[in-house]
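User: I have a two-chain model open and want to go through a few details. Can we start with the strands?

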Amino acid sequence: MKNKSLVSIEDYGKNNILKILELAEYFEKNPNQKILDGKVIASLFFEPSTRTRLSFESAVNKLGGSIIGFTDAGSSSVSKGESLKDTIKTVSNYSDLIVMRHPLEGSAKYASEVSDVPIINAGDGANQHPTQTLLDLYSIKKTQGKLEDLNIFLVGDLKYGRTVHSLLMAMSNFNPVFNFISHPKLRIPAEHKLFLDNLGIKYYEHTEFTDIISKADIIYMTRVQRERFSDPMEYEKTKNAYVLNNAMLENTKENLRILHPLPRVNEISEDVDTNTKAYYFTQALNGVFTRQAIIASTLGLI
Amino acid sequence: MKDEQKLQVSAIRNGTVIDHIPAKNLFKVIKILGLVKMDKQVTFGTNLDSKKQGKKAIIKLSDKFFMDNEINRLILVAPEASLNIIKEYHVVEKKQVEVPDKITGISKCVNPKCITNHENVIPKFKVISKKDVALKCLYCEKITDEDNIDIIL
């Protein structure tokens, strides 16, 4: 994986995924190691994403590296009309690795073609966010003790949610059963169902959020975004139909854990937060260890 | 019937006859092959009856021979097209358009938020369906199907 950009979760096969998770476990036990001493990491956020950026910066700091970059396009040469290619070409002269977030889809792939240093995609529009997927996998493995043979429920916006699509692809390496719960308008797209069919992976679609979750090992909640609906009334109704509250968790499995890529709006009631099955805040912490693993592995330092 | 066809489009001595073009895509084929700028004789007929296609079009080009990669650019608009290479009024070779596994250029990506529609990047696709042509963008991973193909010249 050395010097290989991480653009899409498809860049990492099963073995690489497992290697990153192993490394993440190592960094969780030994978070502060100065292996990035003397290395410069560029953090280019062409659109703001505080959570992802801080998680990356925390990972770099724990490893003793230094960070250059910008936090939104307005404070960079992009506002002067510089092309992405020129920005990447220039910054790759100053750094050993580039972490980038960009609103356009495919931008990370393009950057990886023009850059002299590896690129880590921290989100390209609605397309890919592979470090999120790897931290999701790490969270699943850590809470379940394994990745194989799990029953995974995905709830909310299954049509547009990139985290859902990448998670589905990555988990497909591990013989899962999927249950999809969403409004009919936000169903999982046909291409993803075809992908699962071709692999012989079982999945079930539901439009109601009911006690079927008693079978779940993982519930992955996602936010339903207002802009997906042309009718505001319909948005309000949908938003409230797929809310997880504490009472619903009563007859669920002991090992069940609830994940969410955050930020949440109202799709998980706050009364769930104190339930031992709520895992979304620890999930965010796992992001730091996972990103440490990805950076160290990409630079071939470990 | 054969005589009628002959009357509609006259024979050529040397060159290429492109047959089985869907009638609706004739002008796209002309654009893709750059025939507008060509100084050789070009004859075309369209809305000809075809058992296979309903209405087809045909192009006859005098003294013009194509490389395979030029012809394969037609896959998006005329996947069933066939080429007859003519020497001294006789068909000396027949070729079919071959759908490749990867395509560079030719069409734009359907996704308005794709980087290829914002920066000077040549679109690249993986062909995921050869029958009803469907292209997966190697950048944004979205799928451009037959109805959304937008030819770049």
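User: In which sense do strand 1 and strand 3 of chain B pair, and over how many bridges?

Analyst: Strand 1 of chain B and strand 3 (residues 54-62) of chain B pair in the antiparallel sense, over six bridges. Strands here are DSSP runs of E with at least two residues, helices are runs of H or I with at least four, and both are numbered from the N terminus. Two strands pair if DSSP finds at least two bridges between them. This is a predicted model, where local features need pLDDT of at least 70 and side-chain atom pairs count only at pLDDT 80 or more, while totals for chains, interfaces and linings use all residues. Residues are numbered from 1 along each chain as its sequence is written, and chains are lettered from A and ligands numbered from 1 in the order in which they are written.

User: What stands opposite B:Gly15?

Analyst: B:Ser62, in strand 3 of chain B. Strand 1 (residues 15-22) of chain B is also joined to strand 4 (residues 82-87) of chain B by five bridges, and these two run antiparallel. There, B:Val17 has B:Asn84 as its bridge partner.

User: Which strands of chain B form the open sheet, and in what order?

Analyst: Four strands in the order 6-7-8-9, with antiparallel pairing. Strand 6 (102-104) and strand 9 (143-145) of chain B are at the edges with a single partner strand each, so one side of each has no neighbour in the sheet. On average, neighbouring strands of this sheet are turned by 35 degrees against each other, direction ignored.

User: How many bridges between strand 6 and strand 7 of chain B?

Analyst: Three, with strand 7 covering residues 124-129. B:Ile103 stands opposite B:Phe125 of strand 7 of chain B.

User: What domains does the assignment give for chain B?

Analyst: Domain 1 (2-96) and domain 2 (102-148). The bounds come from an automatic or database domain assignment. Taken over C-alpha atoms, the centres of domain 1 and domain 2 of chain B are separated by 26 Å.

User: Switching to chain A. At what angle do helix 2 and helix 9 of chain A cross?

Analyst: Roughly 60 degrees, and the axes of helix 2 (residues 50-62) and helix 9 (residues 280-298) of chain A come within 8 Å. Axes are lines fitted to C-alpha atoms, for helices over the stretch in contact, and angles run from 0 to 180 degrees between N-to-C directions.

User: Which residues of the two meet?

Analyst: Among them are A:Phe56 and A:Val60 in helix 2 of chain A, and A:Val288 and A:Ile295 in helix 9 of chain A. Contact requires C-beta atoms, placed from the backbone, to lie within 7 Å.

User: What about helix 5 of chain A, how does it pack on helix 9 of chain A?

Analyst: Helix 5 (residues 130-144) of chain A packs on helix 9 of chain A at about 115 degrees, with the axes 8 Å apart. The residues making the contact include A:Leu134 and A:Tyr138 of helix 5 and A:Asn286 and A:Ile294 of helix 9 of chain A.

User: How many residues are in contact between chain A and chain B?

Analyst: 12 residues of chain A are in contact with 14 residues of chain B. Helix 3 (84-94) and helix 4 (107-114) of chain A each supply at least two residues of the chain A side. Helix 4 of chain A gives the most, with three residues.

User: Last topic, the backbone. Which peptide bond is cis?

Analyst: The bond from A:Leu262 to A:Pro263, with omega near 0 degrees. A:Pro263 lies in the loop between strand 9 (257-259) and helix 9 of chain A. Separately, A:Asn175 has phi near 50 degrees, a positive value in a residue other than glycine. A:Asn175 is in the loop between helix 6 (162-171) and strand 6 (177-181) of chain A.
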